[in-house]
Amino acid sequence: MYYFVNSIHIELLNVFLKKNVSPKFSNKFRDANSFIYYMKGGQCFEFGKNKVYARAGDMLIMPYGLNYKNHLLSKDTEYFQIDFLVFDQDKPFSITQEPTVFSPPFSENVYGYFSSIYARYHSARIGSEIET
């Protein structure tokens, strides 16, 4: 469990819709925390001896600093991803210790939120990033 020492702040890095996902990927140090919602397909993430599967309808939380490999479960995989950093005393930290998957019913209605956040983030309106 993480206890905040002083104060925290959150920095939104990117919001995107990913299609045509790479079949395999590896990362020695993940540079952001992420919320990922899968609309189609899915991925398997390997970190150490552990594996996590995320499929259509699931929401995945990926932690900052993670060393992992992943591969597609289906070629038609599509997902929304929100990348962000959380800082405590100007030092980034991970919001979880390992990838965490929320499946239905816990992930129900998430698509609408991700879709709305994506639209707001990519809007040309003044203040859209703050609104996001």
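Reader: What makes Lys 40 buried, exposed or partly exposed?

Author: One note before the answer: this is a predicted model. Lys 40 has a relative accessible area of 39%. Buried means under 20% and exposed means over 50%. The value for Lys 40 lies in between, so Lys 40 is called partly exposed.

Reader: Which side chain does Lys 40 meet in a salt bridge?

Author: That of Glu 78, at 3.7 Å from N to O. The cut-off is a Lys or Arg nitrogen within 4 Å of a carboxyl oxygen of Asp or Glu, so the pair qualifies. Glu 78 lies in strand S8 and Lys 40 in strand S3, 38 residues apart.

Reader: Why is Glu 78 called buried?

Author: Glu 78 has 17% relative accessibility. The limit for buried is under 20%. Glu 78 therefore counts as buried.

Reader: How many salt bridges does the structure hold?

Author: Two. Besides the pair of Glu 78 and Lys 40, the side chains of Asp 83 and Arg 30 meet at 4.0 Å, N to O. Asp 83 is in strand S8 and Arg 30 is in the loop between S2 and S3, so this pair ties together parts that are 53 residues apart in sequence.

Reader: How do you know whether Asp 83 and Arg 30 are buried or exposed?

Author: By the relative accessible area of each. Asp 83 has 13%. Arg 30 has 8%. Both values fall under 20%, so both residues are buried.

Reader: What makes you say that S8 is largely enclosed by the rest of the structure?

Author: The count of buried residues. In S8, 11 of the 11 residues are buried, so the strand is largely enclosed.

Reader: Which strands pair with S8, and how do you know?

Author: Bridges show it. Two strands pair if there are at least two bridges between them. Strand S1 (residues 8–18) and S8 have 10 bridges, and Glu 11 stands opposite Leu 85. S3 and S8 have seven, with Tyr 79 as the bridge partner of Tyr 38. S8 and S9 have three, and Val 86 stands opposite Phe 93. S1 and S8 run antiparallel, as do S3 and S8, and S8 and S9.

Reader: What lies between the strands of the hairpin that S8 and S9 form?

Author: Two residues. Gln 89 and Asp 90 both lie in the loop between S8 and S9.

Reader: What is phi of Gln 89 and of Asp 90?

Author: Phi is near 50 degrees for Gln 89 and near 65 degrees for Asp 90. Both values are positive, in residues other than glycine. Most residues other than glycine have a negative phi.

Reader: Which strands form the open sheet, and which are its edge strands?

Author: Four strands form it, in the order S2-S7-S4-S5, with antiparallel pairing. S2 and S5 are the edge strands, as each pairs on one side only. Neighbouring strands are turned by 15 degrees against each other on average, direction ignored. Inside the order, four bridges join S4 to S7. Phe 45 stands opposite Asn 70 in S7.

Reader: What is Phe 45 in contact with, beyond its neighbours within four places in sequence?

Author: The residues include Tyr 38, Val 52, Leu 60, Met 62 and Tyr 68.

Reader: Which residues touch the most other members of the largest nonpolar core?

Author: Ile 36, Tyr 38, Phe 45, Leu 60, Met 62 and Tyr 68, out of 13 residues. The elements that give two or more residues to this core are strands S3, S4, S5, S6 and S7. A second, separate core has 12 residues, among them Val 15, Tyr 37, Phe 93 and Tyr 121.

Notes
Residues numbered from 1 in each chain as written. Predicted model: local features only at pLDDT ≥ 70, side-chain atom pairs only at ≥ 80, totals over all residues. Heavy atoms only, no water. Core = buried A, V, L, I, M, F, W, Y, C linked by side-chain atoms within 4.5 Å. Buried < 20%, exposed > 50% of the residue type's maximum accessible area, 1.4 Å probe, protein only. Contact = heavy atoms within 4.5 Å. Axes fitted to C-alpha atoms, helices over the stretch in contact; angles between N-to-C directions.
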